[in-house]
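Visitor: I've just opened this one and want a quick tour. Can we go through it together?

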2 protein chains.
Amino acid sequence: MTLNASQLDTITEVSPKLGRKRDHTRDPEILDAALEVLAETGYDGMTMEMVAARAKAGKATLYRRWPSKGELVIDAVANMKRGDFDRDHLPDTGTLRGDLVAMIKPHAIEDGARKMRIMAGLMSMISRNPELAEAARAVIVEPRASANRILLQRAVDRGEISADCDIDNLAMLSQSMAIYRVFVLQKPVNRDFFIRLIDGVVLPAVGLGHPAGD
Amino acid sequence: MTLNASQLDTITEVSPKLGRKRDHTRDPEILDAALEVLAETGYDGMTMEMVAARAKAGKATLYRRWPSKGELVIDAVANMKRGDFDRDHLPDTGTLRGDLVAMIKPHAIEDGARKMRIMAGLMSMISRNPELAEAARAVIVEPRASANRILLQRAVDRGEISADCDIDNLAMLSQSMAIYRVFVLQKPVNRDFFIRLIDGVVLPAVGLGHPAGD
DNA sequence: AATATCCGGAACTGTTTAGTTTCGTATAGA
DNA sequence: TCTATACGAAACTAAACAGTTCCGGATATT
């Protein structure tokens with residue numbers, strides 16, 4: 001329950017006696033295992049033995065590298081693979097709707113669902129640990145929001161939508177509605193859900209949908 | 001960690017030997033205490049001793065009435081005071097914006113914040129317990145969403161907005177964005193936040209905001 | 001082959017906490 | 001006053017789990 005100091009030093013160091021490297025080669029597997037267990041059972045349900053077993057490692061190996069369960073979790077989240085929403089690889093179809101729809105790939109939905117499970121597992125911890133909250137935000141949720149912001153800004157730049165739009169809120173909309181849908185409504189987040197959100201809320205809100213004039 | 005059967009029988013029963021009533025008079029205080037502790041520490045951080053101490057009760061008293069921690073929590077959530085969003089006491093200002101803004105009372109914000117803290121404390125448990133998820137949805141989140149739905153439907157009925165609007169999604173929008181803002185962004189949910197949401201997203205989405213033509 | 005290092009496994013310690021039991025007391029009906 | 005019941009407090013049991021220690025084997029450098 002205690003996770004205070006930050007200790008994200010890098011892996012490879014020099015041994016005191018020999019010029020040989022300290023490997024810590026199992027780090028990636030362990031961090032992956034930690035994320036999996038986290039997604040399945042949540043922070044409090046997760047035990048170090050589960051992580052060790054999942055990674056086919058010994059508990060001692062975990063503690064050789066991380067001083068506590070909390071530090072391991074922070075490290076796992078912070079080093080999590082971000083969604084591949086590079087500015088350069090974003091869709092560019094010429095219309096906002098085209099871009100937004102192009103973002104809905106099966107892989108992206110799958111990945112997003114896993115990240116939301118991780119997020120839920122972290123929730124109670126997040127509200128008590130700003131460091132973890134920031135790591136989770138930066139890795140789990142910000143890449144996607146930032147991609148949306150770029151798509152919206154492009155639409156503004158090409159004159160498709162008004163510059164008065166609340167881009168910041170609109171960029172977070174799909175993520176926030178998805179979290180709500182999964183955990184509060186307990187309904188699936190699938191392609192149809194996102195399409196309906198785009199056509200029923202986002203596009204109308206920027207003046208492109210039905211209500212304003214189809 | 002186990003919370004299966006439902007045991008929401010009512011409180012006052014008749015003793016086997018006498019016509020006297022079994023009081024369980026401490027029930028309300030205990031349930032309140034459970035909610036407070038839940039909001040402060042989350043389900044896993046909450047201990048039965050904390051709840052007992054908060055209610056100035058003995059641990060034995062808790063177990064006389066509820067078979068387990070999980071059952072106590074479900075009971076506390078299910079019997080939680082709903083927001084007072086009666087169909088009859090909703091604002092009716094004549095415009096959608098007026099109605100939505102009138103919903104933002106300091107008390108409602110305060111109450112909503114507490115409920116969100118409780119929600120966060122339940123998160124990891126919710127994803128593993130449908131019964132709890134349903135109780136939380138019905139009590140914490142549905143009253144508000146349903147109020148929004150009514151206000152939107154009224155606006156449709158009086159011809160202020162189009163019937164094509166995605167009322168269901170729009171009614172959940174403020175809640176879902178508020179959850180996101182508190183837990184992911186760690187920023188305060190205050191009056192300004194809601195006003196900006198109304199003017200920047202909801203009203204535009206129904207064809208009343210700037211982008212469509214101010 | 002000799003040696004130094006990392007690793008996995010298993011046994012161990014100490015703490016926390018769910019849940020139980022016991023007991024002394026307050027209260028309300030008879 | 002007498003008695004049954006509900007209660008608060010505290011001691012208790014049993015299990016789970018974070019974190020530690022030890023050991024034997026694998027690997028790689030010399």
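Visitor: How many residue pairs are in polar contact across the interface of chain B and chain A?
Guide: Seven, with both residues at pLDDT 80 or more. Keep in mind that this is a predicted model.

Visitor: Which helices of chain B supply at least two residues each to the side that touches chain A?
Guide: Five entries here: H1 (27-45), H6 (106-126), H7 (130-157), H8 (167-183) and H9 (191-205).

Visitor: And where does the largest share come from?
Guide: From H8(B), which gives eleven residues.

Visitor: What kinds of residues make up that side of chain B?
Guide: There are 25 nonpolar, 13 polar and eight charged residues.

Visitor: Back to charges. How many salt bridges cross the interface?
Guide: The rule finds two. One of them joins Asp166(A) to Arg196(B). Their closest N and O atoms are 2.7 Å apart.

Visitor: What area is buried between the two chains?
Guide: About 3,800 Å². Carbon and sulfur atoms give 67% of that. The contact takes 46 residues from chain B and 46 residues from chain A.

Definitions and conventions
Residues are numbered from 1 along each chain as its sequence is written. Chains are lettered from A and ligands numbered from 1 in the order in which they are written. This is a predicted model: local features need pLDDT of at least 70, side-chain atom pairs count only at pLDDT 80 or more; totals for chains, interfaces and linings use all residues. Side-chain values use heavy atoms; hydrogens and water are left out. Contact means heavy atoms within 4.5 Å. Buried area is the accessible area (1.4 Å probe) that two parts lose on being put together, summed over both. A salt bridge is a side-chain nitrogen of Lys or Arg within 4 Å of a carboxyl oxygen of Asp or Glu. A polar contact is a pair of N or O atoms within 3.5 Å; within protein, one must be able to donate a hydrogen and the other to accept it, and residues adjacent in sequence count only if both atoms are side-chain atoms. Helices (H or I, at least four residues) and strands (E, at least two) are DSSP runs, numbered from the N terminus. Ala, Val, Leu, Ile, Met, Phe, Trp, Tyr, Cys and Pro count as nonpolar, Asp, Glu, Lys and Arg as charged, and the others, Gly among them, as polar.
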